[in-house]
Amino acid sequence: MSTAQRMTNPAMLAEQARIPDHVVHRTFVRETVILNLKTGKYHGLNLTAGRMFELVDEAATLQDVARRLSEEYEQPLD
C-alpha cells in the first residue's frame with residue numbers, strides 16, 4: 001500500500017496514535033524537541049510538525065487530528 005493510499009484509508013484514520021512513555025518532548029518558541037529515552041535519539045520539529053505531534057498526543061483519532069489541522073491552518077481536509 002502506498003503512502004497516499006494509507007493517508008486516505010478510513011480504517012487508519014479511525015485509529016488512535018499513542019506516544020510511548022519512553023518518548024518525551026518539550027515545546028519551545030520555534031520548535032518542539034522529541035527525545036526517545038530508550039535509543040537516545042532526538043528530533044527537532046518545526047512549528048507545524050510540533051503542532052501535529054501535540055494533537056496526536058491529545059486527539060481521539062487520526063481523523064480528529066486531520067480535522068483540527070485543517071481548521072487551524074485553513075486548508076482543505078484532503
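Which residues of H3 are buried? Select helix H3, residues 47-58, and colour Gly50, Arg51, Phe53, Leu55 and Val56, the buried residues of H3. Buried stands for under 20% relative accessible area, exposed for over 50%, and partly exposed for what lies in between, with a 1.4 Å probe and protein chains only. Helices (H or I, at least four residues) and strands (E, at least two) are DSSP runs, numbered from the N terminus.

The model is a predicted one, where local features need pLDDT of at least 70 and side-chain atom pairs count only at pLDDT 80 or more, while totals for chains, interfaces and linings use all residues. Residues are numbered from 1 along each chain as its sequence is written, and side-chain values use heavy atoms, with hydrogens and water left out.

**The sheet**

Next, show the strands. An open sheet is formed by 3 strands in the order S1-S2-S3, with antiparallel pairing. Two strands count as paired if DSSP finds at least two bridges between them. Strand S1 (23-27) and strand S3 (42-45) are the edge strands, each pairing on one side only. On average, neighbouring strands of this sheet are turned by 15° against each other, direction ignored. Axes here are lines fitted to C-alpha atoms, for helices over the stretch in contact, and angles run from 0 to 180 degrees between N-to-C directions. In general, strands of a sheet pair through backbone hydrogen bonds, either parallel or antiparallel.

Select strand S2, residues 32-36, which runs antiparallel to S3 and is joined to S3 by 4 bridges. Threonine 32 stands opposite leucine 45 in S3, and leucine 35 stands opposite tyrosine 42 in S3. The hairpin of S2 and S3 has 5 residues between the strands. In this hairpin, select glycine 40, which takes a positive phi near 80°.

**Helix H3**

Go back to H3 with the sheet still shown. H3 packs on the sheet and touches S1, S2 and S3; the direction of H3 makes about 110° with that of S3. The buried residues of H3 pack against S1, S2, S3 and H4. Contact means heavy atoms within 4.5 Å.

How far apart are the end C-alpha atoms of H3? They are 17 Å apart, which agrees with the 16 Å that the 12 residues of H3 should span at 1.5 Å a residue. The expected span is 1.5 Å times one less than the number of residues.

Select leucine 47, which is in helix H3. Leucine 47 is exposed, with a relative accessible area of 54%. Leaving aside its neighbours within four places in sequence, leucine 47 is in contact with Val29, Arg30, Glu31 and Tyr73.

Aspartate 57 is partly exposed, at 44% relative accessible area. Its contacts, leaving aside neighbours within four places in sequence, are Ile19 and His25. Aspartate 57 and glutamine 16 are 41 residues apart in sequence and 9.1 Å apart in space, C-alpha to C-alpha.

**The core and helix H4**

Now select Leu55, Val56, Ala59, Val65 and Leu69, the 5 residues of the largest nonpolar core. H3 and H4 each supply at least two residues of this core. A nonpolar core is a set of buried Ala, Val, Leu, Ile, Met, Phe, Trp, Tyr and Cys residues joined through side-chain atoms within 4.5 Å. Not counting residues up to four places away in sequence, valine 56 touches Ala17, Ile19, Leu62 and Val65.

Move on to helix H4, residues 62-72, where Gln63, Val65, Leu69 and Ser70 are buried. These residues are on the same side of H4, because they cover an arc of only 155° around the axis. The arc is taken from the directions from the helix axis to the C-beta atoms. The cover over the buried residues of H4 includes helix H2 (10-13) and helix H3.

Select glutamine 63, which lies in H4. Is glutamine 63 buried or exposed? At 18% relative accessibility, glutamine 63 counts as buried. Glutamine 63 touches Leu13 and Leu77, not counting residues up to four places away in sequence.

The last stop is glutamate 74, in the segment after H4. Glutamate 74 has a positive phi of about 50° although it is not a glycine. Glutamate 74 is exposed, with a relative accessible area of 71%.
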